[in-house]
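This report is intended for a reader meeting the structure for the first time. Please look over the sequence and the model before reading on.

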Amino acid sequence: MKALTLLALAGFSCMAAAEGRMLAMHDTSAANAERYDYSMDLDIARVIRTDEIPDVCAVVPIRMVYEDSRGERHTIEYSVMGRGCGGF
């Protein structure tokens with residue numbers, strides 16, 4: 001029984017550590033995010049990830065991490081309407 005308990009604790013510890021790394025990575029990109037403006041000429045070769053749009057009825061900031069044609073990563077922040085308005 002002790003072995004099973006230790007195995008479960010080890011599993012939870014690994015999941016918590018992985019979650020912490022993902023949050024840290026996300027927070028780093030948020031700190032370096034550039035605010036999008038319509039006058040910007042973006043060079044997006046590949047989208048790596050975007051934030052999920054929340055279920056709220058309001059304009060919310062969303063971040064997108066992308067790679068340009070030279071292979072450099074960028075994080076940009078822009079506004080979208082949440083998904084919580086009238087079933088959209």
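The sections below take up the fold, the confidence, the salt bridges, the aromatic pair and selected residues.

## Basis of the report

The model is predicted, so local features are reported only at pLDDT of at least 70 and side-chain atom pairs only at pLDDT 80 or more, whereas totals for chains, interfaces and linings use all residues. Residues are numbered from 1 along each chain as its sequence is written, and side-chain values use heavy atoms, with hydrogens and water left out.

## Overall architecture

The protein chain contains one helix and four strands. Read from the N terminus, the order of these elements is α-β-β-β-β. Helices (H or I, at least four residues) and strands (E, at least two) are taken as DSSP runs and numbered from the N terminus.

The protein chain has 88 residues, of which 17% count as buried. Here buried stands for under 20% relative accessible area, exposed for over 50%, and partly exposed for values in between (1.4 Å probe, protein chains only). The accessible surface of the protein chain amounts to about 6,700 Å², and carbon and sulfur atoms hold 59% of that surface. Accessible areas come from the Shrake-Rupley method with a 1.4 Å probe; for residues, only the protein chains shown count as cover. Among the contacts in the protein chain with a separation of 6 or more, 44% join residues 24 or more positions apart. A contact means heavy atoms within 4.5 Å.

## Confidence along the chain

The mean pLDDT of the protein chain is 78, and 62% of its residues reach 70 or more. This score is the predictor's confidence in each residue, from 0 to 100. Over residues 14-18 the pLDDT stays under 50, and the model shows zero contacts beyond four places in sequence for them.

## Salt bridges

The count of salt bridges comes to six. A salt bridge requires a side-chain nitrogen of Lys or Arg within 4 Å of a carboxyl oxygen of Asp or Glu. One of them joins R35 and E77, with the closest N and O atoms 3.7 Å apart. This pair links distant parts of the chain, since R35 lies in strand β1 and E77 in strand β4 (residues 73-81), 42 residues apart. Both partners are partly exposed: R35 has a relative accessible area of 43%, and E77 has one of 22%.

A further salt bridge is formed by D51 and R63, whose closest N and O atoms are 3.6 Å apart. D51 belongs to the loop between β2 and β3, while R63 is in strand β3, twelve residues apart. Both D51 and R63 are buried. Together, R35, D51, R63 and E77 are linked in a network of salt bridges. The side chains of E67 and R46 also meet in a salt bridge, at 3.2 Å from N to O. That pair connects strand β3 (residues 59-67), which holds E67, with strand β2, which holds R46, 21 residues apart. R46 is partly exposed at 42% relative accessibility.

## The aromatic pair

The structure holds one aromatic pair. The ring centres of Y36 and Y38 are 5.7 Å apart and the planes stand at 75°, so the pair is edge-to-face. Rings of Phe, Tyr and Trp (its six-membered ring) pair if their centres lie within 6.5 Å; planes under 30 degrees apart count as stacked, over 60 as edge-to-face and the rest as tilted. Y36 is partly exposed, with a relative accessible area of 28%, whereas Y38 is exposed at 78%.

## Selected residues and a surface patch

E34 lies in strand β1 and is partly exposed at 43% relative accessibility. Its C-alpha atom is separated by 4.7 Å from that of I76, 42 residues apart along the chain. Apart from neighbours within four places in sequence, E34 is in contact with M40, T75, I76 and E77.

P54 is found in the loop between β2 and β3 and counts as partly exposed at 32% relative accessibility. Beyond four places in sequence, the contacts of P54 are V60, I62, G82, R83 and G84.

L42, I44 and V47 make a nonpolar surface patch of about 210 Å². Patches are made of residues with over 30% relative accessible area and no salt bridge, with like charges joined within 9 Å and nonpolar side chains (Val, Leu, Ile, Met, Phe, Trp, Tyr) within 5 Å. L42 is placed in the loop between β1 (34-35) and β2 (46-50).
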